[in-house]
Amino acid sequence: MTRKREESISYVTVLILLFFVFSVAGWLWEVGLHLVQDGVFVKRGVLSGPWLPIYGTGGVLIMLVLRRFFDRPLKLFFLIMGMCGVVEYLTGWFLEMYFHTKWWDYSNLTFQIQGRVCLAGLLVFGLGGLAFVYLIRPALERLLGRLSLHSREILCMILLGIFLIDLLWSFQNPNQGAGISKPVIMAAKGT
């Protein structure tokens with residue numbers, strides 16, 4: 001294997017593992033937030049596993065799309081807010097259209113768009129994104145760099161396999177219920 005190909009594979013394995021780290025961290029964040037606010041454990045998200053892929057997607061997109069702005073923190077903050085807002089809005093829209101269900105609803109907050117995104121959430125994503133870029137990501141990359149490429153490849157295959165099974169299962173049996181989701185009343189066509 002050429003050095004360049006090995007570096008590419010290495011970078012991809014790090015991105016995949018960062019996706020899972022941040023998906024799990026997002027799940028822990030939301031479960032913890034719900035636990036603190038309501039005093040009840042609620043397994044958050046559409047999927048059955050302990051992960052929220054919207055957080056992992058945001059982290060990977062920051063790495064891929066916004067890397068060139070890592071030396072400009074203020075600009076990066078606003079770009080993270082915008083990009084995460086688009087991801088959150090589109091994800092919310094897709095889930096509502098596919099499942100006729102909302103897994104989050106910011107309608108009661110000021111500065112929100114169709115209940116799918118809100119300014120307060122985007123500010124948290126912006127700050128969290130900066131913490132990811134400047135504090136968490138470098139430490140995780142060093143930690144992941146200690147694993148051999150072969151070990152990372154195996155770990156990625158295992159995680160991706162489990163995730164794919166969860167994704168297929170959850171599209172037929174989404175995680176729903178009190179504190180998790182609420183049905184959306186869809187307008188009848190032609191009315």
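Modeller: Before any angle is quoted, a definition is needed: helix axes are lines fitted to the C-alpha atoms over the stretch in contact, and the angle between the N-to-C directions runs from 0 to 180 degrees. The model discussed here is a predicted one.

Colleague: Which two values describe a pair of packed helices?

Modeller: Two packed helices are described by the angle between their axes and by the distance between those axes. For helix α1 (residues 3–38) and helix α5 (residues 149–172), the axes come within 9 Å and the crossing is at roughly 45°.

Colleague: Which residues make the contact between α1 and α5?

Modeller: A contact here means heavy atoms within 4.5 Å. From α1, the residues that take part are Glu 6, Ile 9, Ser 10, Thr 13, Val 14, Ile 16, Leu 17, Phe 19 and Phe 20. From α5 they are Leu 149, Arg 152, Glu 153, Leu 155, Cys 156, Leu 159, Leu 160 and Phe 163. By class, this contact has twelve nonpolar, two polar and three charged residues.

Colleague: What makes α1 oblique to α4?

Modeller: The axes of α1 and α4 are 11 Å apart, and the packing angle is about 130°. Roughly perpendicular ends at 115 degrees and roughly antiparallel applies over 145. The angle of about 130° lies between these limits, which means that α1 is oblique to α4. The crossing in which α1 passes α4 is right-handed.

Colleague: What residues of α1 and of α4 make that contact?

Modeller: α1 contributes Val 14, Leu 17, Leu 18, Val 21, Phe 22 and Trp 29. α4 contributes Val 124, Phe 132, Ile 136, Arg 137, Leu 140, Glu 141 and Leu 144. The contact comprises eleven nonpolar residues, no polar ones and two charged ones.

Colleague: How do you know that α2 and α4 are roughly perpendicular to each other?

Modeller: Their axes come within 11 Å and cross at roughly 75°. That value is inside the range of 65 to 115 degrees, and α2 and α4 are therefore roughly perpendicular. In this contact, Tyr 55, Gly 59, Ile 62 and Met 63 of α2 meet Phe 125, Gly 129, Phe 132, Val 133, Arg 137 and Glu 141 of α4. Six of the contact residues are nonpolar, two are polar and two are charged.

Colleague: How many cavities are counted, and what makes a space a cavity?

Modeller: A cavity is a set of points where a 1.4 Å probe fits but cannot get out. One cavity of 30 Å³ or more is counted, and the largest cavity has a volume of about 40 Å³. Its lining consists of Gly 92, Leu 95, Glu 96, Lys 102, Trp 103, Trp 104 and Arg 116. Helix α3 (residues 73–99) gives the largest share of that lining, three residues. The lining divides into three nonpolar, one polar and three charged residues.

Colleague: What is the volume of the largest pocket, and which helix gives the most to its lining?

Modeller: A pocket, in contrast to a cavity, is an open set of points. The largest pocket has a volume of about 1,100 Å³. It is lined by 39 residues, and those closest to its centre are Glu 30, Arg 44, Trp 103, Trp 104 and Tyr 106. α1 gives the most to this lining, with six residues. The lining has 24 nonpolar, eight polar and seven charged residues.

Technical notes. Residues numbered from 1 in each chain as written. Predicted model: local features only at pLDDT ≥ 70, side-chain atom pairs only at ≥ 80, totals over all residues. Heavy atoms only, no water. Helix = DSSP H or I, 4+ residues; strand = E, 2+ residues; numbered from the N terminus. Nonpolar A, V, L, I, M, F, W, Y, C, P; charged D, E, K, R; others polar. 1 Å grid on protein atoms, 1.4 Å probe; cavity = no way out; pocket = protein on both sides within 12 Å on 5 of 7 lines; lining within 4 Å. Points joined across faces, edges and corners; volume = space filled by probe spheres on them. Parallel < 35°, antiparallel > 145°, perpendicular 65-115°, else oblique. Left-handed = near helix turned anticlockwise from the far one by under 90°.
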